[in-house]
Amino acid sequence: MKNIIEKILKIDRRLIFLALTILLVFPIVRPLGLPNKNIGNEVKALYEKIESLPAGSFIMLSLDYDPATRPELHPQAVAVVKHALRKDLRVMILTLNAGATGLIDEIGERIPKDIAPAKKYGTDYVILPYQPNPVAIMTQMGMDLYQIYDKDRDGAPLREMPVMKGIRNVKDMQLGMCITGTALLDYWVAYTGDKFKMPFAGGTTAVSQIGYAPYLQTGQLKGLIGGMKGAADYELLINAKEKGTAGLDALSLAHIMVIGLIVVANIMMFWLKYL
Amino acid sequence: MDISLILGGWVAAGLTIFLFSFLYKDNPFFKATEHLYLGAGMGWVFQTVLFQTWIPKVWEPLTKQGDWTVLIPTVLGLTLVTQFFPRISWLSRYGFTFIMGYGSGLVIPLTISTDLLKQIGGTMAPFMVSEVTRGNILSLVNGAIIAVGFICVLFYFFFSVEHKGAVKKASNIGIYFLMLYFGAAFGNTVMGRFSLLYGRFDDLYKYSAPKYFYATHIILAVMVLYFIVDHFRTRKPSIEEEAA
C-alpha cells in the first residue's frame, strides 16, 4: 500500500493538467447547465441600485480591463450595459487602460446588434476615447469633464450630444462604476466617489474581490461584481445568460477536482505519516 | 469570407497553443510567443496613445488652433525621456518634480480620508446604537468580530513591543484572522485563474469551427507532431545502441 501511495503522490503533474483541461473543455462542448443558487449579496446590491434609478438617470462606466482579464470582466461589463440600457438609463463608457479600447469597441459593436438594438448612439449612450493619467482625469471629472473629454471616441463634439444633456461633471451622474483587474477601482473610490460624493460600484477579478470588502461595509462601494461567478450572478438577475453563466459549469467541475485532489492527497500523506 | 477574421483566429489560436505548450516542455514556439506578447502589447498601447491622446490633445490644438500652452506639459513629459541620455538626464528632474509634487498633494489627503479615517469609522459604526435590540444584535456581533480582528491584526504588525503575554495572545489571534483572509483570497485566486483558463479554451473552441478552417485542430496537430519529432531527435542513445 505504501508503495502505491508514494507512486501516486509522485504522479507526473502534466496528467493533472490534462485532467483539468478535459474538465474545463467538456462543458464548453456539451453544456451541463448546473444551477447557480447562491447569488452574492454585493451583486444583488448593485442590481438593486440600478433597478432603483429612474429612467433617464446617468451612469458612468469606466471599463479598465485588458484582454488578460477579459474572461472574468467582459461578461460583467456586457451584463451591466445591458441592464442599464434596458432600464432606459443613459450610459457613458470610458477607459483609463489603453488595452481596453479594443474590448470597448466590441461592446460598441454589440449594442446595436444584440445588447440593446433600440438604443441610439449619442442619444442613449456614448463611448469616450482612452486618456492617460487616471488621477488627473478623475479629479478633473469632478469639476468639468468637457475639459478632458471634449470629443467622443470618433471625434464628434461631446457637449452637443443629447445623451450629455444636463451633465457637466460627476456630481450630475447618478452612479459610477469601474470594472477592472487593476487598482483603478481604489482610485475611483478615493478621487471621485468619496471626494465628490458620487455613488460608486465596482467589478473586479475574483483575486481582488476580497480586498474590497471594507469598502462595501463602509458604503464607499454600493455594490460589487467579483469574477466570473459575479458575472454569472448578474446575468441570472437580469435574466440574460451569457458567457458568465456558461463558465460556471467549467468552474464547478474544476473546483470539484481541486477539492478532490486536496482531500485525497491529505489522506495519503496522513496514511504515510501515521499508519 | 472575411480574411482578416480568419487570419485573426489562426493567430489567436496559434499563440494560445504555443504558450500552453510550455506546460508540456520548453520549446522555441513558446519562446517566440513570449517575446511577441511584450512587443505586441507595447505596440497596441503606443498606437492608442498616439491616435486617441497625442494627436487630439497635442498635435491638433497646436497646428489647427495655435494653442501653444499644450507645449508646457508636452515638454515636461519629454524631459522624462532624457533619462536615456546621461549628459542631459538632469532635465528629467523637472518632470519628476512636477509629478511628485502634484501626485503627493492629491494622494496623501485622499488616502488618509478613504483608506484610514473612513475604515476606522466603518469599524466603529455598528456600535453607534442607543440600545441593543433584536434587530441590531447580529450587526453588533458582526461588528465585534470585525473590531477584534482589526485590533488583533494591528497587534501582529506592531513590532515596537515584544510579543509576549497579552500582546502575544492578541497577535496570535491576529494570525488566525490573517489566515482566514489568505484562505479566502487563495480560493478566489484559484477561481480567477480557472476563469482565465476557461476563457482561452472557449476561444480555442470557437476557432476550431469550419468558419476558421479548423485553426485549433490543425495547429494542435502540428504542435503534437513537433514534440514527437523533437523527442526522437533529442533522444539520448541507449547503452546498447552506443556500444553497437
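## Two chains, two builds: a short briefing

B:Ser89 sits in the loop between α3 (71–79) and α4 of chain B; helices (H or I, at least four residues) and strands (E, at least two) are DSSP runs, numbered from the N terminus. The structure is a predicted model, in which local features need pLDDT of at least 70, side-chain atom pairs count only at pLDDT 80 or more, and totals for chains, interfaces and linings use all residues. Residues are numbered from 1 along each chain as its sequence is written, while chains are lettered from A and ligands numbered from 1 in the order in which they are written. The model scores ipTM 0.86 and pTM 0.88.

**Around B:Ser89**

- B:Ser89 counts as partly exposed because 13 other C-beta atoms lie within 10 Å; a residue is buried with 20 or more other C-beta atoms within 10 Å of its own, exposed with 12 or fewer, and partly exposed in between, with C-beta atoms placed from the backbone.
- Setting aside neighbours within four places in sequence, B:Ser89 is in contact with B:Thr82 and B:Gln83; contact here requires the C-beta atoms of two residues, placed from the backbone, to lie within 7 Å.
- B:Thr79 is ten residues from B:Ser89 along the chain, and their C-alpha atoms are separated by 8.0 Å.

**Chain B as a whole**

- Chain B has eight helices and zero strands, and along the sequence the pattern reads α-α-α-α-α-α-α-α.
- The radius of gyration of chain B is 30 Å, well over the 18 Å that the globule rule gives for 244 residues, so chain B is more spread out than a compact globule. This radius is taken over C-alpha atoms, and the globule rule is 2.2 Å times the number of residues to the power 0.38.
- The C-alpha trace of chain B spans about 85 × 70 × 45 Å along its principal axes.
- Of the 244 residues in chain B, 12% count as buried.
- For contacts in chain B with a separation of 6 or more, 32% are between residues 24 or more positions apart.
- Chain B is assigned domain 1 (76–128) and domain 2 (132–206), with bounds that come from an automatic or database domain assignment. The centres of these two domains of chain B, taken over C-alpha atoms, are 28 Å apart.
- The mean pLDDT of chain B is 90, with 96% of its residues at 70 or more; pLDDT is the predictor's confidence in each residue, from 0 to 100.

**Chain A as a whole**

- Chain A has eleven helices and six strands.
- A box of roughly 80 × 35 × 30 Å along the principal axes holds the C-alpha atoms of chain A.
- Of the 275 residues in chain A, 46% count as buried.
- Residues 24 or more positions apart make up 73% of the contacts in chain A with a separation of 6 or more.
- Domain 1 of chain A is made of two stretches (2–30 + 257–274), and domain 2 covers 41–241. Between the C-alpha centres of these two domains of chain A there are 41 Å.

**The nonpolar core**

- The largest nonpolar core has 87 residues, and A:Ile59, A:Leu61, A:Val81, A:Val91 and A:Ile93 touch the most other members. Such a core is a set of buried Ala, Val, Leu, Ile, Met, Phe, Trp, Tyr and Cys residues joined through C-beta atoms within 7 Å.
- Helix α4 (residues 70–86) of chain A gives the most to this core, with eight residues.
- A:Val91 touches A:Ile59, A:Leu61, A:Val81, A:Ala84, A:Leu85 and A:Tyr125, not counting residues up to four places away in sequence.

**Where the chains meet**

- The contact draws 35 residues from chain B and 41 residues from chain A.
- On the side of chain B that touches chain A, the elements giving two or more residues are α2 (28–63), α4 (92–124) and α6 (166–206) of chain B.

**Two backbone angles to look at**

- A:Asn239 has a phi near 55°, a positive value in a residue other than glycine, and lies in the loop between α10 (227–237) and α11 (243–274) of chain A. A:Asn239 counts as exposed because it has 6 C-beta neighbours inside 10 Å.
- B:Tyr214 also has a positive phi of about 55° although it is not a glycine, in the loop between α6 and α7 (215–234) of chain B.
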